[in-house]
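Keep the sequence and the 3D view at hand while reading.

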Amino acid sequence: MSTLRIARPAIALLTGAAVAAQLLTGVPAASADTPADASPVTVTVNTRAGLAAASDTAVGANHAIWDSNLGTNETADLLKAAGVKMLRYPGGSYADIYHWKTHTAPGGYVAPGTDFDTFISGAKRTGAQPIIIANYGTGSAQEAADWVEYANVTKKYGVKYWEIGNENYGNGHYGADWEADDHADKSPAEYARNLVAYSDAMKAVDPTIKIGAVLTTPANWPDGIVAAGDEGTWNDTVLSIAASKIDFVILHWYPPHNDVADVLTKTAHIPDMIHLVRGQIAKHAGARAGDIGIAMTEINSGIAPNTQPGALFAADAYAGLMEQGVFTIDWWNVHNGAGTISTVAGHTDYGDFGMLSSATCSGDTCEPPLNTPFAPYHALSMISTFARPGDRFVRAATDEPLVAAHAARRPNGDLAVLLINRDPDGEHQVKINYDGFTPSGEAPTVQTLTNGATSVSTGHGGTATTQTLPPYSLTTLVLHPATATTGAPAAPGQPTASDVTDKTATISWPVAAPGASPVAKYEIHRQKGAVTEQLGETPGTSFTVHNLVPGTRYTVNVIARDTAGRVSWASPPLTFTTGTPGKSSCSVRLRDTNDWGNGYVGSIDITNTGTAAVDGWTLHYTWPTGWQTVSSGWSGNWTQNGTSVTVTSTPDNGKLAPGASTSIGFVGAYSGPNVLPAAFTLNGALCTAQ
């Protein structure tokens, strides 16, 4: 029984990336060869740079029907104590073999006391909303609709969120085959067509439910791949057919990595990962794109999951995803079972993807008693107190790669700051600077999770501007403002962008509710990391920004200032990307013609759209990230310096008469989300990008 319970989840754990099985072996201990720098790390927190608000379902976890402790009060109470607000059922790949009416999963083990009603009872005791995976692989739209009827009509459970299948791209269509799928056609188009049928049948029973579509995660297999017979990638195909019928999309993330230190850097991928997904949604959903949420319903470090690196990754990833507006992040798993045993930073790691011990053994090594919390459990506990539902994240950054920072402002004027020391050997002194917030002089409330600790410690220490971070630690500060923030205007509502060109954009926003004095003006601030620059101000609710850089992603906030000088909190963020000139002396078209998940063949078409002939040309562009490179190129002389790429013509393609074109190509590589460049120059002239 124990073997069955452990072996089947291992299949689900592979699905965040095709290479996960290889990455889970040979877990090395984290180490550092150099001592921490004696100079303080500078942390910058800018409350004028507003990000997303924390949702009431952000901190979540996965439950599975092979876990005999799924329905126990002890488990529910531990999850409640950690602040878990979303629970996913019936468990990863099991969802596609599970039949809820008979509580069976042919080919898999179903533990006693794990039926749907028991799960709901435990979720209620936890205080968490359920998110249910309907059986796509071996089920039907009618079976799913019957489940909705039982849950929300018969039992009145009010289950709001329903996923259609689990990792259905793992059905063999792209080669790897771990997900059950009885459909003869295993293409993304067939999944999308059935997704529409599921949505229609389920919403006919309860129109208030939310339907989720399975997508691939950018830069994680099989994202970017176009299989034989398909017209596009999984995401483009699914969204092109089903975007009008869904309410959220589903991502899973087990970051590909080399070692412990490497996986802790992967959280830097989050902003571009979510940006790409939002772009895919916008491409196909049109006006309702803003109504389609993003859920990360499986996530795990995939390495050292029970020890401090797992906790550091969890806290950093949860905060990073919440900053980007992901409405739930669900750790895999509550219980899972022992795997490969290793020693990490002086402590035994059981290779267990659960946040609570299953009390199982691997060889001669046994886990601690049942339900003993592992390090990621404590990280989720800290996250749930750091950023509570309704708190708005604001920009925070550091000048030290081994130290990460996040911050969230609270409706009462307090500010919470999360500091993550990823250095396994050295403590770091930090100096914290604040923009738009003045902390009181009292010692802040400090929560700390250190390497090997069995709980989060709470006390008072340091100051609002200076803290000492222990090696491999999480530290949360809660700060009160120096003066009460009364009488200030409310934050402006969600801004929108219109008439976006290569150099201009019109920003509009709802009127901010005044406080003790009338609103005098609004300020538009651009985020540049944790620093902001003011783009303009106006007494109205619309402003046209000029002198923007073509092909550039901008994130802005609007702030209200009243006649007494009081300043509101920042509005929700607005992100938009400028275009390129409508008319130019050149045009460029970049295409990803053949992608294999961490590299691709790129084709660039260059056209002389001017009136003069070109005799020798130099093309230049810049990669948006540091993890993108040109591996090789042809039909040109290719060089890359940092993120800057330059291509010069060859003797046979350097002459371009007006209207003439030439094509060049390259092999590109990427180890993170592959955001393609949006601006190109030819002989110094900015081209029209097609």
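## Basis and terms

A disulfide is a pair of cysteine sulfur atoms within 2.5 Å. The model is predicted, so local features need pLDDT of at least 70, side-chain atom pairs count only at pLDDT 80 or more, and totals for chains, interfaces and linings use all residues. Residues are numbered from 1 along each chain as its sequence is written, and side-chain values use heavy atoms, with hydrogens and water left out.

## Disulfides

The structure holds two disulfides. Counted along the chain, the bonded cysteines follow the pattern 1-2, 3-4.

Cys-361 is partly exposed because its relative accessibility is 41%. Cys-366, at 42%, is also partly exposed.

The other disulfide joins Cys-586 to Cys-687, with an S to S distance of 2.0 Å. Its torsion is -95 degrees, and the link of Cys-586 and Cys-687 is left-handed. The pair ties together distant parts of the chain, 101 residues apart. Cys-586 sits in strand S29 (residues 586-595), while Cys-687 lies in the loop between strand S39 (685-686) and strand S40 (688-689). Helices (H or I, at least four residues) and strands (E, at least two) are DSSP runs, numbered from the N terminus. Cys-586 is buried, at 1% relative accessible area. Cys-687 is buried too, at 1% relative accessibility.

## Helix H6

Helix H6 covers residues 188-205, which is 18 residues. The expected span of a helix is 1.5 Å times one less than its number of residues. For H6 that gives 26 Å, and the end C-alpha atoms are 26 Å apart, so the two agree.

Which residues of H6 are buried? Among them are Pro-188, Glu-190, Tyr-191, Asn-194, Leu-195, Tyr-198 and Met-202. The buried residues of H6 pack against strand S4 (129-134), helix H5 (141-154), strand S5 (161-164), strand S6 (210-214) and helix H7 (234-242). Contact here means heavy atoms within 4.5 Å.

Note on methods:
Buried < 20%, exposed > 50% of the residue type's maximum accessible area, 1.4 Å probe, protein only.
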